[in-house]
Amino acid sequence: MKLNWSDVTPHRMYLDRRKFIGVSAAALALPALASRAQALTGRPSPLSTDQPPNTFEEITNYNNFYEFGTGKEDPARYADQLTVDPWSVEIGGLVDRPGSYGVEDLAPDNALEERIYRLRCVEAWSMVIPWIGVPLASVLQKVGVQPSAKYVEFETLLRPEEMPGQQRAILDWPYREGLRLDEAMHPLTILATGLYDQPMPKQNGAPIRLVVPWKYGFKSIKSIVRINLVADQPLNTWKQLQSSEYGFYANVNPQVDHPRWSQATHRVIGAGLFGGREETQMFNGYGDQVASLYAGMDLAVNY
Ligand code: MTE
C-alpha cells in the first residue's frame, strides 16, 4: 500500500507541529516567527468529513487563481504581492443594511467553525481542505435579505497592479460568481477566512472567499470585495466565457460530462502519480444534504 502525504502528516500531528513551533518561537523570544504562527481556531463541526485532509503544502501549492496566472504554481509564486489588509466587503442590492463590512464583522473570531470539505475541481482533480469560516447564512441574516432577493452575486477584487493575471484578458475581470438564494442559505455554504489553523493564505483567496462543497470549485470565488442580493440570475465568469462548457449551477455530477472530458472520475491530489483516481460522487458526496434543492430539475440541462 502506498502512503499519501496526508497519511504521513495527519491533521492533528500538523496542528501539534504548529503549536510546537509557536511555543518554541515564543520561548526563544523570536517575535517574528511567533507571530507568523498566529493561530486561528474554529469549532469542530458535524458537517466536516472524517476523510484525512491534504497537507498544508499541497493545499497552498496547487491552486487555481487566474488573477495570478493560469499555472497551478503561479498563485503560490505571485499572490504575495496582494494587499489584504485593510480589506472591506461592500454588501448591497436587496438588503436592509447595505454597507461596507470588515472581515472581522462578517466572520468574528467567536463564530469561526472548522469545516473539513472535499473540493472537486471541474478539471477532474480533488482535495480535502480543513477550512475555517462562518456560514454564509449568518452573514446574510446580519445584513437582512429582502423578500424580492432571489440570487446572490459575488465579485473578486479588481487590482491589476497586484494581480498580474488581470493585465491579460484571459477572463472578463473581475471574477464573478453567483448562487441561488436557497443555495447561499444552505448550512454547508461558508465564507472561509482561514485553513488549518492559519488566516487564509493569499493563494487560496485571502482574506475571505466562498466555499460551496457540492459544486465544482470554480463556484468558490476567492478574495471577495462585493456581495449583491439580486432578483435575477447573475452572470458567472466561466459561463460568460464558454456557456456550452460551464453553467450557472455547476453541481458536481459524474453523469454529465464536460464536453471535452469525462466527469466520472477524478485525480486525488497527493495520492501520487499512479495512486489516485476515485469515482466522482453525485453532488461531490453531499447529496443527502443538498439533493432536495434540485428536486424536479433536469441537471443535464441545468449543468
Ligand atoms: N476565484 C477567483 N477569483 N479566481 C479564480 O481563478 N478559481 C476557482 C476557484 N475560485 C478561481 C477562484 C477554481 S477553478 C477552483 S478549483 C478553486 O478556486 C480552487 O481553490 P483553491 O486554489 O483554494 O484550491
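1. A polar contact here is a pair of N or O atoms within 3.5 Å. The model is predicted, and the contacts below should be read with that in mind.

2. For Lys 222, the distance from a polar side-chain atom to an oxygen atom of the ligand is 2.7 Å. On its own the ligand has 540 Å² of accessible area, and the protein covers 98% of this.

3. The ligand is surrounded by 17 residues. Asn 63, Tyr 66, Glu 67, Arg 209 and Lys 222 are the closest. Sorted by class, the shell consists of eight nonpolar residues, six polar residues and three charged residues.

4. As for the site itself, the ligand takes up the space of the second largest pocket.

5. Turning to the strands, strand 2 covers residues 88–93 and strand 3 covers residues 99–102. Four bridges pair strand 2 with strand 3 in the antiparallel sense. The two strands make a hairpin, with five residues between strand 2 and strand 3. Within this pairing, Gly 99 of strand 3 is opposite Ile 91.

6. Strand 2 is also joined to strand 11, residues 224–230. This pairing is parallel and has four bridges. Leu 229 in strand 11 is the bridge partner of Gly 93.

Terms used
Residues numbered from 1 in each chain as written. Predicted model: local features only at pLDDT ≥ 70, side-chain atom pairs only at ≥ 80, totals over all residues. Heavy atoms only, no water. Near = heavy atom within 4 Å. Polar contact = N/O pair within 3.5 Å; in protein donor to acceptor, adjacent residues only side chain to side chain. Areas by Shrake-Rupley, 256 points an atom, 1.4 Å probe, with all protein chains shown as cover. 1 Å grid on protein atoms, 1.4 Å probe; cavity = no way out; pocket = protein on both sides within 12 Å on 5 of 7 lines; lining within 4 Å. Sits in = over half its atoms within 2 Å of the grid points. Nonpolar A, V, L, I, M, F, W, Y, C, P; charged D, E, K, R; others polar. Pairing = 2+ DSSP bridges.
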